[in-house]
Amino acid sequence: MTSHLTDGENLAVGSTAALAEGLLLQPTLYWKNARQQGLPFTLRPSLLYRGTGAAICNEVGQMGLQFSVTGRLKSVSSSSGGQLAAAAGGGVVTAAFATPVELVMIQQQRFGSSILSTLVRLFKEHGMFGSGLMRGLGPAVARVRSVHISRLSIFPTSCDMLWVH
């Protein structure tokens, strides 16, 4: 996330933060998805943590990508505009990763089964694009890019401005 760290350090920071976030937030993610699908509220760990493998892959992959891609792009330009562009670029790359992984995670939470069998089933039934694994990519790009811009550009840039002045 910072141009002061190596690509590997950025990847490690992002991945470690994501692992903790993924484990801590899994129940709330399940409750949100269950509510959207009209499923009853539950406290059963076997349901709350269904799909955790895909969720952890998603969080670690997203944060790892966002920190490493954004850190690499930030090293090209230190201007505020360059920081915004770097964060937006990191968001686009991250959304392309997250879209199919989040679909698998939601399908697992709803129907069970393994990551691989869910992925294969979705691909066989729907393919890659259209109603397939990449469905929702456009909205995901808009969402993730906005989050990354605020998390990886606006906040750090504001802190830098406050500390300098």
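This is a predicted model: local features need pLDDT of at least 70, side-chain atom pairs count only at pLDDT 80 or more; totals for chains, interfaces and linings use all residues.
## Overall architecture

The protein contains six helices and zero strands. Read from the N terminus, its elements follow the order α-α-α-α-α-α. The C-alpha trace extends over about 55 × 35 × 25 Å along the principal axes of the protein.

## Helix packing

Two packed helices are described by the angle between their axes and the distance between the axes. Helix α3 (52-74) packs with α4 at an angle of about 170°, and their axes are 8 Å apart. This angle makes α3 roughly antiparallel to α4, because angles over 145 degrees are placed in that class. The contact of α3 with α4 comprises 14 nonpolar, ten polar and two charged residues.

Helix α4 (residues 80-111) also packs with helix α1 (residues 7-36): their axes come within 11 Å and cross at roughly 75°. Helices α1 and α4 are therefore roughly perpendicular to each other. On the α1 side, the residues that meet α4 are Q26, L29, Y30 and N33. Their partners in α4 are M105, I106 and Q109. By class, four residues of this contact of α1 with α4 are nonpolar and three are polar, with no charged residues.

## The largest pocket

The largest pocket holds about 600 Å³ of space. Its lining consists of 28 residues. Those nearest the centre of the pocket are N58, E59, Q62, E102 and R143.

Several helices contribute to this lining: α1, α3, α4 and α6 (137-164) each provide at least two residues. Helix α1 gives the largest share, with eight residues. In terms of class, the lining of the largest pocket has eleven nonpolar, ten polar and seven charged residues.

## Salt bridges

There are two salt bridges in the structure. In one of them, the side chains of E102 and R143 meet at 3.0 Å, N to O. Since E102 belongs to helix α4 and R143 to helix α6, the pair ties together parts that are 41 residues apart in sequence. Both E102 and R143 are also among the residues nearest the centre of the largest pocket.

## Summary

Helix α4 packs roughly antiparallel to α3 and lies roughly perpendicular to α1. Helix α4 also supplies at least two residues of the lining of the largest pocket, and its residue E102 is joined with R143 of helix α6 in a salt bridge.

Key:
Residues are numbered from 1 along each chain as its sequence is written. Side-chain values use heavy atoms; hydrogens and water are left out. Axes are lines fitted to C-alpha atoms, for helices over the stretch in contact, and angles run from 0 to 180 degrees between N-to-C directions. Helices (H or I, at least four residues) and strands (E, at least two) are DSSP runs, numbered from the N terminus. Angles under 35 degrees count as roughly parallel, over 145 as roughly antiparallel, 65 to 115 as roughly perpendicular and the rest as oblique. Contact means heavy atoms within 4.5 Å. Ala, Val, Leu, Ile, Met, Phe, Trp, Tyr, Cys and Pro count as nonpolar, Asp, Glu, Lys and Arg as charged, and the others, Gly among them, as polar. On a 1 Å grid over the protein atoms alone, a cavity is a set of points where a 1.4 Å probe fits but cannot get out, and a pocket is an open set with protein on both sides within 12 Å along at least five of seven lines; lining residues have an atom within 4 Å of a point. Grid points are joined across faces, edges and corners, and a volume is the space filled by probe spheres set on the points. A salt bridge is a side-chain nitrogen of Lys or Arg within 4 Å of a carboxyl oxygen of Asp or Glu.
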